[in-house]
Amino acid sequence: MVIKHLHVRKADPASREQKRRQTVSPAHSPLWLCVYLPDLALDVVKGSAEHLDPTSPCAVLDEAVGRPVIHTASPAAAAAGIARGMPLAGAYALCSSLAVRRRDFKAEIERLEQLAAWAQQFTPLVSLEPPQALLLEVRGSLRLFGGLDKLRRRLGDELRALGHRFFIAVAPTPLASLLLASNHQAAVMHKEALRSALGKLPIRGLPLTPELLRRLRHTGVTHLHELWRLPRDGLARRFGAELLHYLDRAMGVLPDPRRPYRLPHRFVAELELSKGLSNNALLLEAAQHLIARLSHFLRKRDAGTSRLRIELRHRQRAASVITLGLRHSTGDGAHLLGLLKVHLDHLKLTAPVLALRLITDEIHPFIAAPQMLFIHQRAVNDATQRDQDWQHVMEQLEARLGRKCIHQLQAHEDHRPEYAWRYGEAALLQNPSTRLNRPLWLLPRPQTLPVHQDRPWRRSQLSLKPEPERIESGWWDARDIRRDYYIAADTDGSRLWIFRDLHAGRWYLHGYFG
Amino acid sequence: MNSKLEKLLQGHPGLWRGRDAVGNSAAGIKTGFAELDARLPGGGWPANALVEIVTAQWGIGELRLLLPAMARLSREQYWIVWITPPYIPFTPALTQADVDLSRVLVLTPEDSDKDILWSMEKVLRAAACGMALAWPKRLSNCTLRRLQLAAEAGHSLGVLFRPVEADTSPAALRIHLAPKDGALRVRILKARGGVYQHLVELKV
């Protein structure tokens with residue numbers, strides 16, 4: 001028997017780390033795609049009322065130390081030498097025909113949110129990176145879209161159609177992809193290659209204060225690879241721990257969770273009109289754009305809305321508001337437009353409309369009516385289709401007539417005729433009495449009848465059927481009645497329901513047997 | 001008779017056979033009164049057209065004439081819409097006649113004739129509506145034609161009450177109601193497929 005020596009070799013940490021990295025398959029690690037929009041500030045300003053010619057030199061201003069400085073310049077302006085951070089006076093010196101606009105932060109965030117909503121068709125994890133980038137986690141979408149190249153091409157085509165200049169970069173960590181995109185670099189697929197790729201980038205792209213940048217430049221650091229060479233504790237001491245954390249997150253050493261963008265619970269869309277509109281038909285066309293956007297937003301969320309508010313802004317006057325209330329939440333743009341048309345047809349505008357604003361707060365998940373497949377169930381399908389159409393008709397009636405003009409009838413257990421019915425939700429009696437003889441028409445208020453020779457008189461002497469019906473009721477709520485009801489016939493042929501009030505002895509007409 | 005000739009006589013739309021026309025119009029909604037059904041084309045109220053009821057007074061049975069059809073339609077889950085009724089439709093009487101109240105709607109638009117006719121057209125066009133009753137103040141033949149088309153499109157019955165008989169009207173069925181000795185005398189002024197004026201006395 002030979003006992004072989006068993007070598008128990010303690011694996012050294014380096015090889016253990018290597019083994020661990022090899023076991024984590026790169027196919028499952030996250031891959032971040034960054035869409036960087038260098039001209040976003042200019043693009044949102046271009047859409048506003050005053051026209052900005054994109055081919056001519058124009059720029060957007062920002063405020064720095066109280067002076068206006070250039071934030072973004074159009075390609076024509078950049079060709080003249082205007083760059084970010086240049087003071088306005090210097091920019092004018094370089095190019096005298098420069099058109100400038102102030103930066104619109106709100107519009108930029110709104111546009112970024114709209115783009116985030118658009119980007120959600122590619123991946124569920126979209127994160128905003130203000131002021132001008134979007135981060136998409138695309139590892140899970142690669143297979144669906146046929147590979148990274150196809151995905152990038154598709155993103156590129158759609159962004160170009162939306163009218164934005166962009167740079168796309170891909171990296172294993174979000175910060176790395178952001179840095180690469182803002183420096184117009186391409187893709188890095190593996191973590192190991194990150195260090196060398198990021199090393200080539202200048203430190204200008206890092207989110208550092210100008211003071212810190214100046215100090216780093218004084219120490220001779222201009223690119224990131226020089227930063228890698230510096231000792232970590234020295235870096236932390238002299239330039240702050242945040243810088244070190246930033247670099248660690250970019251390299252993937254520290255985790256960098258990103259908050260995914262969630263579509264808001266509120267939809268607000270505005271449309272500014274270049275000229276004041278007074279024509280209701282043109283207003284409807286303008287509103288159509290807003291409603292199309294709302295419908296798109298709702299479809300993305302698989303939701304519907306049951307209440308809309310449209311504000312029409314006038315100059316120096318309070319805004320006119322149209323409220324559309326619906327019985328069931330819907331995302332159907334055509335139906336909403338039809339309802340709006342009904343309102344607009346009635347609206348009398350007091351002043352020209354300068355802007356339209358559509359707001360909806362009530363967003364509910366959309367439940368579609370089930371569609372039947374089999375032919376013997378098609379009758380039920382028709383019935384549900386009929387009910388849906390009826391709901392639409394009801395909404396249109398409410399829009400035109402107002403809710404208070406539409407009633408259903410409700411029956412009450414009460415002997416007093418005035419209280420035996422009510423306008424309200426339809427409600428049936430549990431066991432309706434079948435012996436009663438009641439007229440189909442009831443007068444809203446009993447009408448007094450003149451009396452001639454002890455008999456009630458309408459157009460002629462009324463002949464009463466012999467047996468009256470005595471109704472005495474309502475002692476409990478101070479509206480008690482004591483009446484003798486008779487069925488009377490008039491000589492012209494009508495049959496009337498009249499009563500004699502036993503308190504005062506007067507005769508009244510209460511209904512017709514229609 | 002030759003079977004081909006029979007088929008031609010019965011089916012051809014260009015041939016009018018007067019009262020015996022068969023397959024001329026869709027089957028009607030049974031009125032609930034056998035003598036009236038016998039006189040009306042289609043054996044009842046026209047299922048997708050306008051009916052004009054000319055009556056000068058209330059309380060002679062003008063609603064009770066429609067009540068059986070109303071009850072049946074509401075039980076089949078079709079809506080019955082009353083547009084500006086002159087008085088209140090009394091609920092106990094409706095429930096006694098077996099009308100399903102959950103399918104009854106009353107519209108009371110304030111005052112404008114245009115609103116009344118607009119609502120009637122909208123409601124008639126809906127397939128879920130079985131019967132729409134209206135008491136308009138003014139009616140022109142042009143509006144009547146539109147309502148007739150709406151009733152055809154939505155396969156609903158529209159009933160218009162008028163106090164005075166107009167000379168011409170595009171409604172499919174026009175009847176005049178008058179009381180007579182405790183019964184209701186129904187005079188058919190105009191019906192599709194018949195020229196003569198029928199007189200029926202009904203006990204409603």
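This is a predicted model: local features need pLDDT of at least 70, side-chain atom pairs count only at pLDDT 80 or more; totals for chains, interfaces and linings use all residues.
View 1. On the chain B side, 47 residues are in contact with 45 residues of chain A. Putting the two chains together buries about 4200 Å², and carbon and sulfur atoms give 67% of that area. If you want to pick out side chains in chain B, start with B:Ile88, B:Phe90 and B:Trp118, which lose the most area to chain A. Together these three account for 18% of what the chain B side buries.

View 2. The rule finds two salt bridges between chain B and chain A. One of them joins A:Arg400 to B:Asp115, with the closest N and O atoms 2.8 Å apart. There are also 13 residue pairs in polar contact across the interface of chain B and chain A.
Which elements of chain B each supply at least two residues of the side that touches chain A? They are strand 2 (79–83), strand 3 (88–89), helix 4 (91–96), strand 4 (104–107) and helix 5 (113–125). Helix 5 of chain B gives the largest share, six residues. By residue type, the side of chain B that touches chain A divides into 32 nonpolar, eight polar and seven charged residues.

View 3. Strand 12 of chain A (residues 406–411) lies antiparallel to strand 4 of chain B, and three bridges link the two. To find your place in this view, look for A:Gln408, which stands opposite B:Leu105 in strand 4 of chain B.

View 4. Of the 514 residues in chain A, 41% are buried. Among contacts in chain A between residues at least 6 apart in sequence, 56% join residues at least 24 apart.

**View 5. Strand 1 of chain A sits largely enclosed.** Five of the five residues in strand 1 of chain A (residues 32–36) are buried, so this strand is largely enclosed by the rest of the structure. A:Trp32, A:Cys34 and A:Tyr36 point one way from the strand, while A:Leu33 and A:Val35 point the other way.

**View 6. Strand 1 of chain A has antiparallel partners in strands 6 and 7.** Five bridges join strand 1 to strand 6 (residues 133–137) of chain A, where A:Glu137 is the bridge partner of A:Trp32. Strand 1 also pairs with strand 7 (residues 167–171) of chain A over five bridges. In that pairing, A:Tyr36 stands opposite A:Phe167.

Technical notes:
Residues are numbered from 1 along each chain as its sequence is written. Chains are lettered from A and ligands numbered from 1 in the order in which they are written. Side-chain values use heavy atoms; hydrogens and water are left out. Contact means heavy atoms within 4.5 Å. Buried area is the accessible area (1.4 Å probe) that two parts lose on being put together, summed over both. A salt bridge is a side-chain nitrogen of Lys or Arg within 4 Å of a carboxyl oxygen of Asp or Glu. A polar contact is a pair of N or O atoms within 3.5 Å; within protein, one must be able to donate a hydrogen and the other to accept it, and residues adjacent in sequence count only if both atoms are side-chain atoms. Helices (H or I, at least four residues) and strands (E, at least two) are DSSP runs, numbered from the N terminus. Ala, Val, Leu, Ile, Met, Phe, Trp, Tyr, Cys and Pro count as nonpolar, Asp, Glu, Lys and Arg as charged, and the others, Gly among them, as polar. Two strands pair if DSSP finds at least two bridges between them. Buried means under 20% relative accessible area, exposed over 50%, partly exposed in between (1.4 Å probe, protein chains only).
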